[in-house]
Amino acid sequence: MKESEGMDEPVYIVSGYMRSGTSMMMKVLEGAGMKARYNTRKDEVLGEKYGRTDYHPNPEGFFELGRKEFDDPGFPGIFAGELIKVLHWRLKGLPSHPYRICFMTRDPKEIEVSYLKMFRRRPPFVLQKYHELVDGVVRDVNARGDSEILLVPHADMLKDPAAVLARLFRAGWPLTDLEKGAAQVDPSLYRSRPETLAEVRDTVPGLRTDMPDCLS
């Protein structure tokens, strides 16, 4: 690709805080017709790692790029017109380029439950100010002047994925099969519920209890 090619075509991004439904959305958008790019070997390695545990956090895949893709001299233009996953902490440092960002949001208690199940340790304290974090991401993206961001609640994807996809389609996302995309949501994978937080905390050996409750 020549340097001038693809400069005006946006890169489509699914983002969010870890354990907020980004992989689910990647699968949904791929099903809806978008070309999703991710490191399949990374998926294999993570799948092998968690496949040996009692809890597999992403049985349908992680849909992540590897470091080499982000470090590629052609990034982000090599993904123009395509869909990639970029966790929230990478957004602020993205090179200048048009981006269309679907940012997944979720009840922070659910994020903590999922994080505890996956990593067996308390998540970063940033969950204490989760909503402020999301507001800051939106401000940063809007301040760029080259990008657009839409917030998509995890709960909405479970309740009515077709409506969410219709919203993205109206916003200009290149979706070709909304029905197929919506069908990718598997409600049985909604396993991290806020009412189980105390119970899940009790299952983590050595979890510090002298720390302030980051969700109080």
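This is a predicted model: local features need pLDDT of at least 70, side-chain atom pairs count only at pLDDT 80 or more; totals for chains, interfaces and linings use all residues.
In strand β4, glutamate 148 is the bridge partner of arginine 100. Residues are numbered from 1 along each chain as its sequence is written, and side-chain values use heavy atoms, with hydrogens and water left out.

**The sheet**

Let's stay with the strands for a moment. Strand β3 (residues 99-105) runs parallel to β4, and seven bridges join the two. Isoleucine 101 stands opposite isoleucine 149 in β4. β3 also runs parallel to β1, through six bridges, and there glycine 16 has methionine 104 of β3 as its bridge partner. Two strands count as paired if DSSP finds at least two bridges between them. The whole sheet is open, with four strands in the order β2-β1-β3-β4 and parallel pairing. Its edge strands, each pairing on one side only, are β2 (83-85) and β4 (147-153). From one strand to the next, the twist averages 25 degrees.

Six of the seven residues of β3 are buried, so this strand is largely enclosed by the rest of the structure. Buried means under 20% relative accessible area, exposed over 50%, and partly exposed in between (1.4 Å probe, protein chains only).

| Helix | Residues | Angle to β4 |
|---|---|---|
| α6 | 130-144 | about 155 degrees |
| α8 | 161-170 | about 170 degrees |

These angles run from 0 to 180 degrees between N-to-C directions, with axes as lines fitted to C-alpha atoms, for helices over the stretch in contact.

Now for a residue in a loop: serine 20 sits between β1 (11-16) and α1 (22-31). Serine 20 is buried, with a relative accessible area of 1%. A polar atom of its side chain lies 2.5 Å from the backbone oxygen of tyrosine 17. Leaving aside neighbours within four places in sequence, serine 20 is in contact (heavy atoms within 4.5 Å) with Met104, Thr105, Arg106, Ile111 and His154.

Histidine 154 belongs to helix α7 and is buried too, at a relative accessible area of 7%. Not counting residues up to four places away in sequence, histidine 154 touches residues including Ser20, Gly21, Met24 and Tyr190.

**Helix α1**

Helix α1 is mostly covered, with nine of its ten residues buried; among them are Thr22, Ser23, Lys27 and Gly31. After α1 comes glycine 33, whose phi is positive, near 115 degrees.

**The largest pocket**

The largest pocket holds about 830 Å³ of space. Of the 43 residues that line this pocket, the closest to its centre are Arg19, Ser23, Asn58, Phe62 and Lys85. Helices that each supply at least two residues of the lining include α1, α2 (40-51), α5 (108-119) and α7 (154-159). A pocket is an open set of points on a 1 Å grid over the protein atoms alone, where a 1.4 Å probe fits, with protein on both sides within 12 Å along at least five of seven lines; lining residues have an atom within 4 Å of a point. The volume is the space filled by probe spheres set on the points, which are joined across faces, edges and corners.

Technical notes:
A polar contact is a pair of N or O atoms within 3.5 Å; within protein, one must be able to donate a hydrogen and the other to accept it, and residues adjacent in sequence count only if both atoms are side-chain atoms.
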